[in-house]
Every structure is written in C-alpha cells, then in structure tokens.
2 protein chains.
Amino acid sequence: MKKTEINSIEIARLAGVSRSTVSRVINNYTNVPPATREKVMRVIEAYNYYPNLSAQVLAGKKTRTIGLFLIDAGHVSSDMLTNMLIVNVIEHASALGYYVLTNIIRNPSDSDTCRSVKEIFYQRRIDGGVFIGAANHEPLIEDLIAEGFVAAVVDQELPGHDEPNRITANYDNQTGMELAVNYLADLHHTSIGILNGDMKRLSGRTKYEGFQHAMKQRGLAVREQWAIPGDFHKESGYQAMTRLLEQSELPTAIVAANDSIAFGAIRAMKERGLQVPGDLSIIGFDDHALSSMHQPALTTIKVDFPAMLQQLTTTLIQTIENGTITREPIVAGSTLIIRQSCSPITPK
Amino acid sequence: MKKTEINSIEIARLAGVSRSTVSRVINNYTNVPPATREKVMRVIEAYNYYPNLSAQVLAGKKTRTIGLFLIDAGHVSSDMLTNMLIVNVIEHASALGYYVLTNIIRNPSDSDTCRSVKEIFYQRRIDGGVFIGAANHEPLIEDLIAEGFVAAVVDQELPGHDEPNRITANYDNQTGMELAVNYLADLHHTSIGILNGDMKRLSGRTKYEGFQHAMKQRGLAVREQWAIPGDFHKESGYQAMTRLLEQSELPTAIVAANDSIAFGAIRAMKERGLQVPGDLSIIGFDDHALSSMHQPALTTIKVDFPAMLQQLTTTLIQTIENGTITREPIVAGSTLIIRQSCSPITPK
DNA sequence: CTGAAAGCGCTTACAG
DNA sequence: CTGAAAGCGCTTACAG
C-alpha cells in the first residue's frame with residue numbers, strides 16, 4: 001500500500017517553521033540561517049520528502065525534461081547509430097540535471113502524429129526538444145518554433161531564420177567530402193560516383209554539393225549518371241548500386257552518403273560476384289558501429305556525433321534556463337578513417 | 001516570443017460555459033450534450049488549447065509517463081540490444097498513450113544514483129518504472145516497491161514477494177539451455193563447457209542451472225573447470241576463453257551465456273589462431289543483432305524480447321491505471337537459430 | 001445537464 | 001530572517 005504522501009506543510013509543522021521557509025531551504029535561498037536550514041533538512045531527510053513536481057511546475061518552475069524526437073520511417077530500432085544518439089543526449093542532459101522523454105516519429109506529415117507532438121509541448125510536459133532526422137524545412141518544427149517553444153534541430157540551415165528559440169547543429173559535409181574525394185583521387189581514381197542520401201534533408205544536399213565542389217577542386221568531372229538518388233538507408237544503397245551496375249560504363253570508386261548506404265551497395269555487389277575494393281572502391285560517411293567489423297571493413301568519414309550532441313544538448317538547456325544566450329555555431333567535425341574498402345588504381 | 005497561455009477559464013468564457021463544462025468535455029464525460037460539446041470543442045481547436053499537464057496531475061490525473069531504467073556499468077551505448085529494448089518499450093507505451101523517460105544507471109549501489117532514481121518516483125515524475133539489467137535482489141528496487149511504487153522488473157524471481165505493485169518478466173532459460181545442449185549433443189559433442197554470465201542476475205544463475213540440468217538429462221558430465229565465471233559482456237567472454245584455453249584438456253563445445261560473451265570468446269580464439277567451429281563449437285544466447293553478420297555467423301538461442309517487453313509494458317500500464325489486475329507470468333520464449341559456429345564431432 | 005467552490009502542493013512577492 | 005496569502009491551472013464531488 002502506498003503511504004499517504006507527506007507534503008511541505010507537514011514538513012513545516014514537523015520542523016516548526018512555515019511552508020515558506022521549507023520552500024526556501026529546498027530552493028536554496030540565501031536568506032535562511034544555517035540553523036534553520038539544518039533543522040528543516042533533518043526532517044526532510046527523515047521523512048524522505050521530495051517536493052511534488054507538478055506542484056512546483058504549476059508554481060512556475062521548469063519541468064527539467066527535454067523531448068528527444070527521432071524522425072525515421074521505420075529503421076530506428078535496427079540502427080545502431082540511433083542508440084548512440086539516444087544515450088548521448090540522455091547522458092548529457094542528465095549531467096545538467098535534466099531528463100529526456102524519447103519519442104519516435106514515423107511520419108512527421110501525419111496529422112495525428114503532429115498533433116501529439118505538439119501536445120507534448122503545449123501540455124508543458126517538456127521545456128524544449130531536440131529533433132534528429134528531420135527534413136531541412138519541417139512544418140511541424142516550424143510551427144513549434146513559431147509558437148515560441150525552444151527547439152534544437154540537428155542538420156538544419158534556414159537562412160534568415162535565427163529566432164532566439166531555434167538552435168541548430170550541422171555536419172561539416174564540405175570538409176567531409178573533400179576528405180573522401182581527395183583520398184580517392186590520391187588513390188588515382190578519376191571516375192568517381194556518388195550514392196546520394198535524402199535530398200529533403202540538409203545533409204543530403206550538402207553532401208552532394210560538397211562532392212561536386214571537391215571533384216571540381218581536383219579537376220575531376222562529375223558524371224550525372226553516376227550520381228544515384230536514394231535515402232540514407234541500406235535498402236536504398238542496395239537499389240542504388242543495382243541501378244548503377246546496369247550502366248555500360250562504371251566508375252572505379254563510389255562515395256556513399258552514409259555507411260548504411262555503403263552496406264547495402266556492397267551487398268548488391270557481392271550478390272553479383274563483384275569485389276570491394278577489387279572491382280570498385282567504396283567510402284562511406286558516419287563511421288557506423290558496424291563499419292569496422294563489416295566485410296570488407298569500411299573506409300569512411302567519421303562524424304563526431306558525441307561532441308555535437310553534447311554541445312547541442314547543453315545549449316538547449318542553457319537556452320531553456322537563461323533565455324537567449326550568445327551562441328556559436330555547432331558543427332560536427334569529420335575525419336578520414338582508412339580501412340579496407342578502397343584500393344589504389346594502377347594507371348593503365 | 002511565447003504567446004500568453006490560454007487556459008480553461010478563457011476557453012470557458014469564449015465558449016460561454018463554465019470551467020467545469022470545459023473540463024467535462026476534455027475528459028469525455030458522458031453527461032455533456034452533443035451541442036455543448038461541439039461548441040466547446042470548436043473553441044478548443046480554434047485556440048489550440050491543450051490542458052496544462054501539471055495542473056491536471058496536481059488535480060489527480062496520472063502523468064502518463066513511465067520510467068525506463070537501464071542498469072549497466074558502461075556498455076549501454078555500445079550495445080545494439082539496448083537500442084532494441086528502448087525502442088520496444090517506447091513504442092508499446094506510446095500505443096497506450098504513455099511516454100517514457102529513459103534513464104541510465106551506471107551503478108545502482110551508488111547512493112547519489114539511488115537518491116536521484118528515487119526522486120523521480122517521489123516527485124511523481126512518473127507513474128511507474130521498468131527496470132532492465134538489475135541484480136535479482138536490488139535494494140533500490142525493493143525500496144521503491146516497499147514504498148508502493150509500481151515497478152516492472154525484467155529477469156527477477158523473489159519467492160514470496162508477490163506484492164501487487166511488483167511485475168516481473170522472465171527468460172525461459174531452462175528450455176533455452178535444453179535447446180542448446182541438445183543441439184550440441186546431437187552433434188555428438190560430449191565435452192561441453194560453459195562461459196557463465198553475472199551470477200547476481202537471475203539469468204546468470206538460471207542459465208547455469210539450466211545447463212547443468214540439460215547436461216544431466218543427456219547423461220553428460222559437467223566439468224567444473226569448464227564452467228568459467230564472468231559477466232554478460234564481450235570483454236568477460238574474451239577473458240573467460242583466455243582462461244579456458246590455458247587448461248590442458250579442453251571441451252569440444254562451449255555454450256556462452258549470451259552472444260556478447262561469445263563474440264569476446266571467439267576473438268580470443270582467433271588471436272591464438274584457433275578456428276570456430278573447427279577447433280571448438282560455440283553457441284550463444286539472445287540472437288544479438290550482430291550475430292548473423294559475425295564471422296562465423298553465430299548459432300544461438302534467440303530470445304523473444306519484443307513480445308516480453310510488450311507484455312511487460314502493457315501490464316505495467318494496466319496496473320498503473322487499474323490497480324492490481326490478475327496477471328499471468330510473463331516469460332520470453334527461446335528458439336534455436338542454427339548458423340555457422342557449431343559443427344558435428346566425428347566420433348573417433 | 002451545469003455552475004460555484006474546494007482542493008491538489010508548491011513558490012514567491014509582500015509585509016513585517 | 002520569516003510568515004500569511006495569493007496564485008499557478010486543472011478536476012471533481014456537491015448542489016441544484
């Protein structure tokens with residue numbers, strides 16, 4: 001049986017003070033003499049008293065909870081990257097005394113889904129939210145920001161939209177692509193293709209733009225028929241590679257917009273008896289947890305998610321607590337991780 | 001800028017009714033005539049009104065939030081299984097209109113950690129919690145249950161402790177071990193060892209007991225020096241196998257208390273130039289997401305986590321809403337998944 | 001069918 | 001330094 005709750009007035013009575021004073025010691029007001037604080041703390045501890053959160057929030061305190069919204073059609077549970085993202089946000093929030101309410105959004109365009117996400121904010125269930133996997137312009141997020149809720153969104157860039165309650169973090173895809181293309185070019189590849197990601201997402205676009213830019217820098221031609229569209233999932237990589245392989249003339253190397261795409265693409269090759277990197281070199285993006293144990297181990301552009309998420313979460317919480325703060329751009333760095341999926345071309 | 005909140009009294013004014021009536025339509029009371037409901041709903045929708053959660057909770061409603069507590073010293077972020085567990089709980093809770101607050105507990109014995117977990121319950125931040133990865137007898141959980149909070153714990157069996165606010169789910173390790181041992185015995189193995197899991201956890205114990213029982217059933221001897229202690233992690237598997245290999249006489253097959261242990265054990269073998277299953281057959285437990293792509297693909301006892309978690313989450317929520325309910329035991333089924341890590345012995 | 005009112009448990013000006 | 005009191009936004013007996 002649940003014991004009847006003890007509340008602040010009971011604590012006050014027991015300590016021989018008023019509720020005001022109990023509240024003051026709980027909230028660490030400075031104008032409470034040590035002796036009084038002592039006395040009150042003793043009964044608080046003795047009775048295992050913790051202030052009721054709803055009452056505190058109703059009286060004006062924060063909920064100290066943030067929402068984590070993972071937008072993904074249906075791969076969330078199977079992708080290891082997701083787990084790392086979730087755990088990262090939780091641990092960084094936790095370090096600042098915040099809790100996280102994790103939500104999975106299958107389809108941000110569905111009106112019921114939209115309603116229920118908005119409800120979480122309007123209900124004041126959370127103080128703010130972080131969004132991962134959204135399109136660059138996502139109406140749901142824009143609505144929330146217009147309403148004044150604070151949102152931290154990963155992989156977004158909306159020129160002119162620098163509301164104080166919008167926090168964004170980005171990937172440095174320009175540098176990433178330079179790293180990838182230069183590595184391939186240094187291996188003497190000149191025929192390089194790309195398996196693109198979802199173009200509705202900022203990264204889909206900036207990766208392709210970065211690719212074009214990096215190719216140009218090295219004086220290499222981008223062949224449109226070697227730029228295959230897709231989304232960021234394995235199945236898409238499989239299909240993209242299948243399409244690519246139907247062509248009469250093939251590139252000697254491919255950059256995949258992420259590692260999942262590369263996994264799918266390599267499977268498509270294996271099924272046709274093709275070798276990586278023997279027949280085609282492939283480089284991915286992310287450094288997915290599976291990449292190092294993949295066969296062949298995947299050469300990739302590692303993205304520093306943990307550092308980015310830490311900054312994003314921290315900035316979100318600071319904004320919640322202090323309102324607008326001066327903010328520096330948050331960007332995830334890229335590094336080249338050389339493994340086994342790329343090999344040099346011997347010029348004929 | 002955040003707009004000033006609209007509240008129920010404002011809605012009432014706009015709809016020309018009292019707050020009581022607004023509340024009645026929101027809470028779907030039956031005694032509201034359709035016309036009145038209509039009228040109120042229209043202004044609720046027009047103004048995008050959602051009742052303030054804290055006020056509702058303070059007035060006696062549930063928070064509709066459950067806590068998910070993952071207890072693990074430091075492997076949470078790297079283990080794919082975790083991700084599946086988290087996503088499963090979230091989706092099942094979500095289907096019932098509940099949210100989940102995910103927490104990572106590094107060390108349940110640490111007093112600060114304990115305090116902060118308890119605080120979540122006492123604060124009434126959640127209506128109940130699910131615990132995964134705890135020792136069979138975990139003081140923190142026992143305290144919470146003693147206080148009357150409802151807790152759903154995975155992998156627990158405490159005879160005599162059938163409080164109405166305790167919900168447990170278990171693994172059918174007896175059957176699982178029979179499956180594993182019989183499979184190995186059918187392959188003509190008679191010298192079978194075991195790499196044990198954490199004995200503080202119920203599964204650690206029941207797996208070993210199940211192993212002993214299954215061996216006996218097949219008339220096979222359990223050799224104590226082939227039962228290596230460990231916990232449920234990869235590193236432990238590596239060390240256990242290293243220890244095993246130091247022995248002069250070796251088994252021909254090994255059952256690992258889970259797949260992670262098997263991965264570590266296989267790595268230890270590879271480093272010594274030993275083959276799986278050539279030199280030693282290994283079977284794991286769980287059917288970890290990596291098992292099928294492991295080299296060699298791991299033969300394992302698949303555990304039906306999704307079904308178990310669904311039942312557990314559903315039962316937890318029903319208990320929260322309806323108090324005690326008649327409950328059936330929740331147990332996760334086991335199936336043998338044959339892949340490449342075990343081979344038959346040719347009797348000499 | 002519906003409104004007035006009490007109550008949920010806190011915090012924070014306000015006054016002293 | 002400290003208490004009395006108002007207020008946060010809801011829900012739910014109670015009375016009609």
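Across the interface of domain 2 and domain 3 of chain A, five residue pairs are in polar contact, both residues of each pair being at pLDDT 80 or more. Salt bridges between domain 2 of chain A and domain 3 of chain A number zero. The model is predicted. A second topic is DNA strand D, which has 26 residues around it.

**Domain layout of chain A**

- Chain A is divided into domain 1 (8-58), domain 2 (65-171 + 305-332) and domain 3 (173-303).
- Taken over C-alpha atoms, the centres of domain 2 of chain A and domain 3 of chain A are 29 Å apart.

**Interface of domain 2 and domain 3, chain A**

- Domain 2 of chain A puts 16 residues in contact with 13 residues of domain 3 of chain A.
- About 1300 Å² is buried between domain 2 of chain A and domain 3 of chain A.
- Carbon and sulfur atoms account for 56% of that buried area.
- The interface has five residue pairs in polar contact, and the salt-bridge count is zero.
- On the side of domain 2 of chain A that touches domain 3 of chain A, helix 5 (80-95) and strand 5 (166-171) of chain A are the elements giving two or more residues.
- The residues on that side of domain 2 of chain A divide into seven nonpolar, five polar and four charged.

**Protein surface near DNA strand D**

- Of the 26 residues around DNA strand D, A:R24, B:S8, B:R19, B:S23 and B:Y29 come nearest.
- By class, the residues of this surface are ten nonpolar, twelve polar and four charged.
- Sugar or phosphate supplies 61% of the atoms of DNA strand D within 4 Å of the protein, and bases supply the rest.

**Individual contacts to DNA strand D**

- Base: an N or O atom in the side chain of A:R24 is 2.4 Å from a base oxygen of DNA strand D.
- Phosphate: a polar side-chain atom of B:Y49 lies 2.6 Å from a phosphate oxygen of DNA strand D.
- Phosphate again: for a polar side-chain atom of B:Q56, the distance to a phosphate oxygen of DNA strand D is 3.0 Å.

**Elements facing DNA strand D**

- Two or more residues of the surface near DNA strand D come from each of helix 2 (19-26) of chain A, helix 2 (19-26) of chain B and helix 4 (53-58) of chain B.
- Helix 2 of chain B gives the largest share of this surface, four residues.

Definitions and conventions: Residues are numbered from 1 along each chain as its sequence is written. Chains are lettered from A and ligands numbered from 1 in the order in which they are written. This is a predicted model: local features need pLDDT of at least 70, side-chain atom pairs count only at pLDDT 80 or more; totals for chains, interfaces and linings use all residues. Side-chain values use heavy atoms; hydrogens and water are left out. Domain bounds come from an automatic or database domain assignment. Contact means heavy atoms within 4.5 Å. Buried area is the accessible area (1.4 Å probe) that two parts lose on being put together, summed over both. A salt bridge is a side-chain nitrogen of Lys or Arg within 4 Å of a carboxyl oxygen of Asp or Glu. A polar contact is a pair of N or O atoms within 3.5 Å; within protein, one must be able to donate a hydrogen and the other to accept it, and residues adjacent in sequence count only if both atoms are side-chain atoms. Ala, Val, Leu, Ile, Met, Phe, Trp, Tyr, Cys and Pro count as nonpolar, Asp, Glu, Lys and Arg as charged, and the others, Gly among them, as polar. A residue is near a molecule or strand if one of its heavy atoms lies within 4 Å of it.
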